[in-house]
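Thanks for coming. I will go through one structure, starting with a pocket and ending with a few backbone details.

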Amino acid sequence: MLRLATAGHAVEIARGLGFAYVWIDALCIIQDDPEDWAFEAAKMRTVYSESAITLAAASAADGTGGCYHDRSSGEEFEYPDTSDFGQIIRVRLPVDHTFFDALSAGVQAHKSVERFPLATRKWVFQERMLSPRVLYFTKHELAWECRTEVACECGGADCLATPHDTGYSLAMPKTSFPLANSSAPDISARAALLERWAILAEEYTSRSLTYPTDALVALSGVARAFDAAGLGAYSAGMWEHGLPLDLSWETVYQPDLHTAEPQTEYIAPSWSWVSSRTRVAYPRPKNLAERTRRLQYCCTEIISITSISAKTDPFGHVLEYESSLEISTHALKLSVTGVGVDMPDIDLFGWPAQHFAADSNACPTHLVADEVWVACLERRRPEGENARGNRTGCSLVLEELNGGIFRRVGLIMPWITHDDGGFGEAVEAAPRKTFRII
């Protein structure tokens, strides 16, 4: 987390804390050597998880910002009273604790670029998760975070340790990791871990990278920490035992990221949420019973999943065209007749517009006049069993490439509160088809 001039502060702080050694990421690699970078990046879990403490220059825009800031000590006011001795009151403005909000609720991270640029970076997400202790240097105060406590100088951070409904606190994400040396989880524990992974996916995708192709590498340390949790094989951000339900991720439309151009740079397979250029969201199963109920309505069969690493790290970047998912499900082939103007919706021939989340946050104009496949993931439930308020069931939208290979381009969620012309029923009743998605 420390570079350039900030490194000098790190040395001073380390000495003050009684440490003889300090590790600085910018100095651990041979510059402009991709092979050395890949080798060192694969060791990030060990580096951060086995560190004594991580120093975070929370308010620095770059490596020249440093850890130290001029603070306002407040103002003194004389309080008049009837005695012969006046009273002096010192007043300080409230400390801005949105730093923890930005760190812990990823949806807020992009709003904190000016005040807390550190919170907006994908690499820092992993460094924070893996480090057993972090000492934050903000403009207003020092803040502390470990596996059992969140604290700050003014004492106002205590209110941030609010448990999430899955049993851990977003303000203390280190508690989301599986316990070390734990036995194979039962189905309930596995469901809870998969739900935690989905929340981490949402937080991770709300942040940015200088080089988008680093997305899997910057997540690899966290993935390694989950690898011993009994979730099955790991493939480009997805866990074997989470499929097929975890294919139902959808992008959250962000107008400031809207573009008319589809994503061309290869980041990850299209079926993985890591491929998204914008924030993703998952349906929220309330408990194990709800997740089990979703499985009962799932239409998709996973035939095979292949993920081939570009380097030696099995949790790192994967090869394009060599990482694929093969599924079998009910599917309709339809023509695209138009796209939305203000939102990336699509119009399908013979059906009214559906709620469509384009995976790249781009208006999919390239699909107009082409044919796509709508592949059912999850059947719609009767209204009495609707768990998402006004919609259930979802379908992948797949674009066919050469040689019978497909690419995911979005997700359709049929609306259940009004007549959709029987679209959902038609997809569910369609013949089954096998797709190989890259």
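The helices α2 (34-41) and α5 (122-130) each give at least two residues to the lining of the largest pocket. Helices here are DSSP runs of H or I with at least four residues, strands are runs of E with at least two, and both are numbered from the N terminus.

This is a predicted model, where local features need pLDDT of at least 70, side-chain atom pairs count only at pLDDT 80 or more, and totals for chains, interfaces and linings use all residues. Residues are numbered from 1 along each chain as its sequence is written, and side-chain values use heavy atoms, with hydrogens and water left out.

Back to the pocket. On a 1 Å grid over the protein atoms alone, a pocket is an open set of points where a 1.4 Å probe fits, with protein on both sides within 12 Å along at least five of seven lines; lining residues have an atom within 4 Å of a point. The lining of the largest pocket has 35 residues, and I29, W37, W123, Y211 and D214 lie nearest the centre. Its largest share, seven residues, is from α2.

Next, helix α6. Its 19 residues, 187-205, should span 27 Å at 1.5 Å a residue, and the end C-alpha atoms are 27 Å apart, which agrees. The expected span is 1.5 Å times one less than the number of residues. Of the 19 residues in α6, 14 are buried, so the helix is largely enclosed by the rest of the structure. Buried means under 20% relative accessible area and exposed means over 50%, with partly exposed in between (1.4 Å probe, protein chains only).

Now the sheet. Four strands form an open sheet with mixed pairing, in the order β1-β4-β5-β6. At the edges are β1 (54-56) and β6 (150-152), each with a single partner strand, so one side of each has no neighbour in the sheet. Strands β4 (133-137) and β5 (142-146) pair in the antiparallel sense over five bridges; a pair needs at least two bridges found by DSSP. V134 is opposite E145 in β5.

Last, the backbone. Most residues other than glycine have a negative phi, and most peptide bonds are trans. A236 counts as buried, at 3% relative accessibility. Y321 also is not a glycine and has a positive phi, of about 70°, but Y321 counts as exposed, at 51% relative accessibility. The peptide bond from L243 to P244 is cis, with omega near 0°.
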